[in-house]
Amino acid sequence: MSVGAKISAVLNTYNAEEHLEEVLRALSTFDEILVCDMESSDQTTEIARRHGARIVSFPHGDKHYCEVARDFAVHNAAHEWVLVVDADEIITSELRDYLYSRASADNAPDGLYIYRHNKIFGVYGRDFARDYQLRFFRKDKTTWPDTIHSVPIVEGTVEKAPAEYKMLHLADPDMHTWLRKLNEYTEGEAEKKKNKGYGIGALLYRPAWRFVKNYVLGGGYRNGIRGIMQAMQWAIYQQILVLKIMEKKVRKDA
């Protein structure tokens, strides 16, 4: 535990037992572990209790994404500083020490982006465009919108942690799982963007641009065939998303 700043590690969960033991072990030295569970039916809450987590509940309803409960979870934390962790992310000891050091400093920012190192078809990828997530912040200066893929809004100064202090993303879904999640995620995002004026141009341009952005600008080519496969996933995601937005419009106009 810290001598100065105190940090609450906050997780939103729904049937998240797969990696939860490993995730919670990595959080064991934080001042608090708070699990906001969305009515799991597996062993999620039992695992959380075994690791000394404090558990609060949030109704799952018909939502297929955790952002709807993020703000509730963050503001139920006991301490000023909050680290938001997904149930498939490992906080390294180096990152933990950096967060306590930075939060205790006189010139501490109000929010901090953290590099998330992702797997690509079984291995951790080599990337130029690093996946930075805004996950560490002062609770009272932060709100989290309840729309899918939203990011927290922090009032004040925000910095990036050096890339050597990172969290490891354990998730590495096979294509079957990825396709199921693709349908869930694009459904939520299409509803969020339903008023966008997407047409044939967007249907052609957005998938192509996302492939180039991921494979060329993001350094995906450094990952060989895995890089091509991942870039194609990003392109397909955009194609399905635009098609769903277009579908909403043509059905409305019918």
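To start with, is Glu32 buried or exposed?

Author: Happy to! Please keep in mind that this is a predicted model. Glu32 counts as buried, because its relative accessibility is 9% and the cut-off for buried is under 20%. Its side chain meets that of Arg54 in a salt bridge, at 2.6 Å from N to O. Glu32 belongs to strand E2 and Arg54 to strand E3 (residues 54–57), so the pair ties together parts that are 22 residues apart in sequence. Arg54, at 33% relative accessibility, counts as partly exposed.

A second pair reaches further along the chain. The side chains of Arg138 and Glu80 form a salt bridge of 2.7 Å, N to O. This pair links distant parts of the chain, 58 residues apart: Arg138 is in strand E9 (residues 131–138), while Glu80 is in the loop between helix H3 (67–74) and strand E4 (81–84). Arg138 counts as buried at 19% relative accessibility, whereas Glu80 is partly exposed at 42%. Salt bridges with shared partners also join Arg70, Asp86, Glu89, Arg116, Asp131 and Arg135 into one network.

An α-helix has 3.6 residues a turn, so residues three or four places apart point the same way. Glu21 counts as partly exposed, at 25% relative accessibility. Over the whole structure, a search finds 23 salt bridges.

Key:
Residues are numbered from 1 along each chain as its sequence is written. This is a predicted model: local features need pLDDT of at least 70, side-chain atom pairs count only at pLDDT 80 or more; totals for chains, interfaces and linings use all residues. Side-chain values use heavy atoms; hydrogens and water are left out. A salt bridge is a side-chain nitrogen of Lys or Arg within 4 Å of a carboxyl oxygen of Asp or Glu. Buried means under 20% relative accessible area, exposed over 50%, partly exposed in between (1.4 Å probe, protein chains only). Helices (H or I, at least four residues) and strands (E, at least two) are DSSP runs, numbered from the N terminus.
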